[in-house]
Amino acid sequence: MSKIHLLSPRLANQIAAGEVVERPSSVVKELVENALDAGARKIEIDIESGGVKLIRIRDDGGGIQREDLPMALSRHATSKIETLEDLEAVATLGFRGEALASICSVSRLSLTSRPQNQGEAWKVEVEGRDMKPEISPAAHTPGTTVEVRDLFYNTPARRKFMRTEKTEFGHIEEIIKRQALGRLSVAFTLRHNQKVVHQLRPAGSEEDHVRRIGQLCGANFIESAIPINVSASGLSLSGWVAKPTFSRSQADLQYFFVNGRVIRDKLVAHAVRQAYQDVLYHGRHPAFVLYLELDPATVDVNVHPTKHEVRFREGRMVHDFLFRSLHRALAEVKPQIAAAEAMPVAEVEQERPVMQWPTQDVLPLRQQPAASGFSMVGAPSAGAVREQISAYGQLHDNSGLGDMFGSAQAGTAPTMDNAAEAPLGYAIAQLHGVFVLAQNAQGMVLVDMHAAHERIVYERMKRSLHNSGVTTQPMLVPMNLAVSRRESLAVEENAETLRQLGLEITVAGVESIIVRQVPALLRNANVEALVRDVIAELAEHGSTRKVEETMNELLGTMACHGAVRANRQLTIAEMNALLRDMEDTERSGQCNHGRPTWVQLTMSELDKLFLRGR
């Protein structure tokens, strides 16, 4: 008797359901994706008992013809692809034809549908017990309604793994949140136990987009969000990334969409992490909602049953595009932008007069140390600004780093010939030798002078190193390292990239390499660990920034020691020049360790502290 036999359709579907239907939220995901693929503009989701008792998805999409209803519930039946060419360029969210059959096998399912051009609706019902569909006429508006009742009623072992009703609904809510972020133009209504949880109107304009993002991600995210809109080499990236000051303790506010499909990809996560490398506090996670559009033929979505993972044909190009786009967007966040986003003076109490900066003739700039007391000052003239920059330059000279990286003043200090409006305002005092107090049009600015100066010195050191190139130093005794075949091949394929990084590495054998030259700046570093990390990144992602990051860590340490220390008494001129330097420096909102360098307190916020206007 043969030991090999075909599985029954019921058992085969239940096995497939183990991959597709993990919990109620998995059912919601598959059914909502089907509704979106059908062109729905409005989707209603009704949930009872966390999805165990009832999941109902209603849409106004294209609908299903009567003759297609039985086939729609069959395994490996779909209208979305027909040939291998279709599979290699999938533009829909679903395509495998497994979801409905898998759901049917572990629940009692009914599907009612009416195509847009059809006068009547039909209903098909099926239970997991025998999988025989029954069709009957029904009343329904154009579109489709799918009802899933008693989930896992015939597989009690699966129910044991389910959590509380609140937890299961939380997963469902997260699924709807992702889909609503992915399709901003579609209206969503989510109800749990007959109570409306989310009611999202379709977002057509940019203002509506921002409003929906705020509804789903929170007003604080929108207030800290930097808009992204970059296109290059057939790739388009849009959306919002939060400033480093709006970081999270966990990666719970990260949404990345590829052609409308939400994904979690190692390559994407690595590119984002590198973009935030210089500005994010240790142990914190960035927040973002990003949309990547590219040719569907260049991305493989048929990688995992849940379709959460993808594989890019040009992974290195995608990685570099994401990193450079985000890195540049974060670098351009300067006080000019941040101050402009603060509440305008006109929105503060109407009786408050708009602040006018005194001219140099009315109130001359005071040059005495801030420790002498609070001094109200106005916008300095161009000549006074030049004096401030000259005085401030002494801070950089005292750092002891000038000989290595050139003068800190050379070509970097802002001229500020028209210093009428400065986003960070003008200094009025120094507090405990640690903070600079300044007044601007929005209210009061507090600056951590060490953290701010640390970032300024750090960015200048990086710029100097970039302009002069990487100085290399041959190793006195070449280092022989044993590596895997994959790593050896990565060294051979990326020899030119390694040379540009200041590393001369030759392949000595199938599983052996020789390190002959390293960057001079890293001559005292752990060369073996550095080389292994570089090769691992090249093998995994096709690119690496490990050498640059290691150099930057060293420069950051040097900048920290070279920056002005606490309790150093600054003159008003030095404090104002520090503010101007911050306005001219990339990433000046955070120090090298990711801590904020300045905060803005608006007049409205100050009024609230003293209960003014009540």
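Predicted model: local features only at pLDDT ≥ 70, side-chain atom pairs only at ≥ 80, totals over all residues.
1. Basis. Residues are numbered from 1 along each chain as its sequence is written.

2. Overall composition. The protein has 21 helices and 22 strands (DSSP runs, H or I of at least four residues for helices and E of at least two for strands, numbered from the N terminus). Of its 614 residues, 50% are buried (under 20% relative accessible area, 1.4 Å probe, protein chains only).

3. A three-stranded sheet. An open sheet has the order β19-β21-β20 with antiparallel pairing (strands pair if DSSP finds at least two bridges between them). Its edge strands, each pairing on one side only, are β19 (472-482) and β20. Neighbouring strands are turned by 15° against each other on average, direction ignored (axes are lines fitted to C-alpha atoms, for helices over the stretch in contact, and angles run from 0 to 180 degrees between N-to-C directions).

4. Pairing within the sheet. Strands β20 (residues 504-509) and β21 (residues 512-519) are joined by five bridges and form a hairpin with two residues between them. Isoleucine 505 has valine 515 of β21 as its bridge partner. Seven bridges link β19 with β21, and glutamine 473 is partnered with valine 518 in β21.

5. Helix on the sheet. Helix α16 (residues 485-493) lies across β20 and β21, at about 130° to β20.

Note on methods: Heavy atoms only, no water. Contact = heavy atoms within 4.5 Å.
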